[in-house]
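This briefing starts from a single residue and then widens to the whole chain. Keep the sequence and the structure in view while reading.

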Amino acid sequence: WDKQILGLLRMALRRGIPAVMVGQGMGPIHDQVALSRMKSILPSVDLITLRGTRGGDELIEALGVASDRVMNTGDEAIELAYEARTETSGNGLGINLRVAPYAGVGDDLIGTIAPVLHDFARRHQAPMVPVPIALHQWAGDHETIRKIMAGYDDRSDGGASLGSPLEVIRNAGLCRIVVTGAYHAAVFALAQGIPVVCLAKSPYYVAKFLGLEDSFGGGCETIMLDDPDVSRKLATAMEHAWATADDVRTPLRQAAMRQIAASMSAYERIRDIVLHARRRA
């Protein structure tokens, strides 16, 4: 964890200022120095809301944070995506692959994934729809998506022209299923009731995507990119997601609604924490 974040929390707590952490993806963390700092500070934070990373509950408990100071609310972007949902089912194949050191994924995996996506899209006569999230120096989803689409749709800009999160969400809404190695592309789809096949390799992304499986249930499946049989397993998962898309639409939306309600409850609690601190002051 960033020393500046923990330092800011420590300063606020020492001055009696309420401290709240919202939408935290807790773990996995193996840096013993960071864990020691977290253990000395986080138990005093007034409230920590978790977005559902697999193993997050166990980590927060090991750090000594009392259970009454923790709430599981799901990701903060769920409400925005849910509100943008449409009643008509899309027919596109949404795609993203996070190529970045922290994802453990390089360009070499494009050659493994792209043929599977192309074959699927052609058989189902589905347009490939970009769902980019990161467009910065550390990860350029749009560039990766353009490379994946090469030979299927050479005119696409990979989603570089999408100017806001809402535009990306609407692109996800055009799809029947989404295949992604980027976490928020999965969130944007699942919250609208669209099934997702997640692509993970690093422990960081495995924990994030398995957390989405826990939060949304059926309609979200994670494929490990270091599996020697990844092409076959990806193709099978995509076929299953496509065939069951209508069946999982309502349950996924219900899961989104539960998480939105939990998030609203958390913000009500934050308001109470602030009001109590003002009265005490």
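T53 is buried, with a relative accessible area of 9%, which is below the 20% limit for that label. The model behind this value is predicted. T53 sits in the loop between strand β2 and helix α3, the latter spanning residues 56-62.

**Around T53**
- Leaving aside residues up to four places away in sequence, T53 touches G25, M26, G27, A207, K208 and G211.
- One of these contacts, G27, is joined to P28 by a cis peptide bond, with omega at about -10°.
- P28 lies in the loop between β1 and α2, and α2 covers residues 32-41.

**Strands β1 and β2**
- Strand β1 (residues 20-24) and strand β2 run parallel and are joined by 3 bridges.
- M21 stands opposite I48, a residue of β2.
- Strand β2 takes in residues 47-50 and is covered on both faces.
- On one side of β2 the buried residues are L47 and T49, and on the other they are I48 and L50.

**Helix α8**
- The buried residues of α8 are Y183, A185, A186, V187, F188, A189 and L190.

**An exposed residue, Q125**
- Q125 has a relative accessibility of 69% and counts as exposed, because the label applies over 50%.
- Q125 is found in the loop between α5 (110-124) and β5 (128-130).
- The phi angle of Q125 is near 50°, a positive value in a residue other than glycine.

**The whole protein**
- The protein contains 10 helices and 10 strands.
- Its radius of gyration is 20 Å, close to the 19 Å that the globule rule gives for 281 residues, so the protein is as compact as a globular protein of that length.
- Along the principal axes, the C-alpha atoms fill a box of roughly 65 × 40 × 30 Å.
- Of the 281 residues, 51% are buried.
- Among contacts between residues at least 6 apart in sequence, 72% join residues at least 24 apart.

**Surface and charge**
- The protein exposes about 13300 Å², and carbon and sulfur atoms supply 52% of that area.
- There are 30 positive and 32 negative side chains, and the centres of the two sets lie 7 Å apart.

Conventions:
Residues numbered from 1 in each chain as written. Predicted model: local features only at pLDDT ≥ 70, side-chain atom pairs only at ≥ 80, totals over all residues. Heavy atoms only, no water. Helix = DSSP H or I, 4+ residues; strand = E, 2+ residues; numbered from the N terminus. Rg over C-alpha atoms; globule rule 2.2 N^0.38 Å. Buried < 20%, exposed > 50% of the residue type's maximum accessible area, 1.4 Å probe, protein only. Contact = heavy atoms within 4.5 Å. Areas by Shrake-Rupley, 256 points an atom, 1.4 Å probe, with all protein chains shown as cover. Lys, Arg positive; Asp, Glu negative; His and termini not counted. Charge placed at Lys NZ, Arg CZ, Asp CG, Glu CD. Pairing = 2+ DSSP bridges.
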